[in-house]
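Please read the following report alongside the sequence and the model. It takes up strand pairing, then the domains and their contact, and then the nonpolar core.

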Amino acid sequence: MAESPAPIPLPRTTFELPDGRRIHVYGEVRGAPPDDAPRSEPTALHMRRDELTASWIAVSPARNVRPHSSAPTGSGTVPGSPAERFRCPLCPGGPEIAFSYEAAVFENRFPSFVPDPPAVPDPRDPRYAPSIGACEVVMFTERHEGNFATLTPAETARVIAVWTDRTRELWANPRHAFVMAFENRGAEIGATLSHPHGQIYAFGHLPPTIERRVAALAEHRAAHGTCLTCGVVAEQLGSTRLLATNEHWAIGVPFAPRWPFEVHVRAIRHGLRRLADLRPDEARSLADALHGVVARYNGLFGFELPYMLIVHEAPAGADDWHLAVEFYPPHRSEKLTKIRASVETATALFINDTLPEMSAERLASIPLVPREAHPGFAVDIRP
Ligand SMILES: [Zn+2]
Ligand SMILES: [Zn+2]
């Protein structure tokens, strides 16, 4: 086996904000939150059961007043411009983090789910449920510009360590049925701030699509006695839709993508179900995979391709789930984006306007510049 360098300890220091929310600072501590930090006042949060689809809807009216750095249409402020940066609430010194940082996580001031949700409007009505969960904001770097193609190897390794640390803690809470780290990148996705950041949601209920995925694994296991995901990975590795692979990850356009240039990065190892299962060498090659996918995306049309990035970790009991990072970019050509319109919204049946094999061929033809590897980080929680 190849000699692999040990991960570097990454200290985590936790502060409590005046309103009780927590902020975790990863790496060197260069300041503390001020006593007059803006307060979160989540009111009227609750879940409602849509009886006709037997699914839960999260009601979160306070989200409508959250900050947007994307300027109103026609005002002429360019994303990433000095004017926008001046107002960025995620840059050091802004209302969210008052000091310089390497990476940080704070509980969202405008959450959809909270650890101690307010009472539901009518506790006797079973169509209501409290919005139990968590909404955290993950700051990838204090630099205002960047994405997984341009973050340094150390910055990307730090993001993976931070995701691993936060999701491990959220999964450990028995009130959480599902935990999902994600990134909304670009105005087309509705990302209100361009500063490199992602989010983590913890849900009190298993969301509908996740429930479906868990059921598919169980149905396959019952029918065939084998792991469905191991089969999907093997198919991907042998397909023309494969973009790249290493000993740990299958990276490619899936057989049936919903989005035109959808790419999945899926663990080859059966048993690697969550971020916390990552071995140091697996975390290192995941960092490399994230860089590769986003570098290809940015090379596709000559601009930073907007995308949704989802870290798919296994819900409890889903033993045949393999950890995956899935990318859903809405662009189908340089100028056109796929709108999730009537058919997709009403039926959840997606219509893909591209041939997955051709999308894979285009993405695979974009050259990558190899980078030096970073040994990775292991979070060290400070008391
Ligand atoms: Zn910023
Ligand atoms: Zn498997």
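## Strand pairing around S11

Leucine 242 stands opposite glycine 252 in S11, where strands (E, at least two residues) and helices (H or I, at least four) are DSSP runs numbered from the N terminus. This is a predicted model, in which local features need pLDDT of at least 70 and side-chain atom pairs count only at pLDDT 80 or more, while totals for chains, interfaces and linings use all residues. Residues are numbered from 1 along each chain as its sequence is written, and chains are lettered from A and ligands numbered from 1 in the order in which they are written.

Strand S10 (residues 242–245) runs antiparallel to S11 and is joined to S11 by three bridges, two strands being paired if DSSP finds at least two bridges between them. With three residues between them, S10 and S11 form a hairpin. S11 is also joined to strand S12 (residues 263–267), again antiparallel, through four bridges, and here alanine 250 stands opposite arginine 266. Both faces of S11 (residues 249–252) are covered, with Trp249 and Ile251 buried on one side and Ala250 and Gly252 buried on the other; a residue is buried if 20 or more other C-beta atoms, placed from the backbone, lie within 10 Å of its own, exposed if 12 or fewer, and partly exposed in between.

The protein chain is divided into domain 1 (8–33 + 42–63 + 76–207) and domain 2 (209–364), with bounds that come from an automatic or database domain assignment. Their contact takes 27 residues from domain 1 and 26 residues from domain 2, contact meaning that two C-beta atoms, placed from the backbone, lie within 7 Å. On the side of domain 1 that touches domain 2, the largest share, nine residues, comes from H2.

Helix H2 (residues 153–171) has 19 residues and reaches 27 Å from its first C-alpha to its last, close to the expected 27 Å, which is 1.5 Å times one less than its number of residues. H2 is mostly covered, 15 of its 19 residues being buried.

## The largest nonpolar core

The largest nonpolar core has 77 residues, and those with the most contacts inside it are Ala104, Phe113 and Val293; such a core is a set of buried Ala, Val, Leu, Ile, Met, Phe, Trp, Tyr and Cys residues joined through C-beta atoms within 7 Å. This core draws at least three residues from each of domain 1 and domain 2. Not counting residues up to four places away in sequence, phenylalanine 113 touches several residues, including Ala58, Ile132, Cys135, Tyr201 and Phe203.
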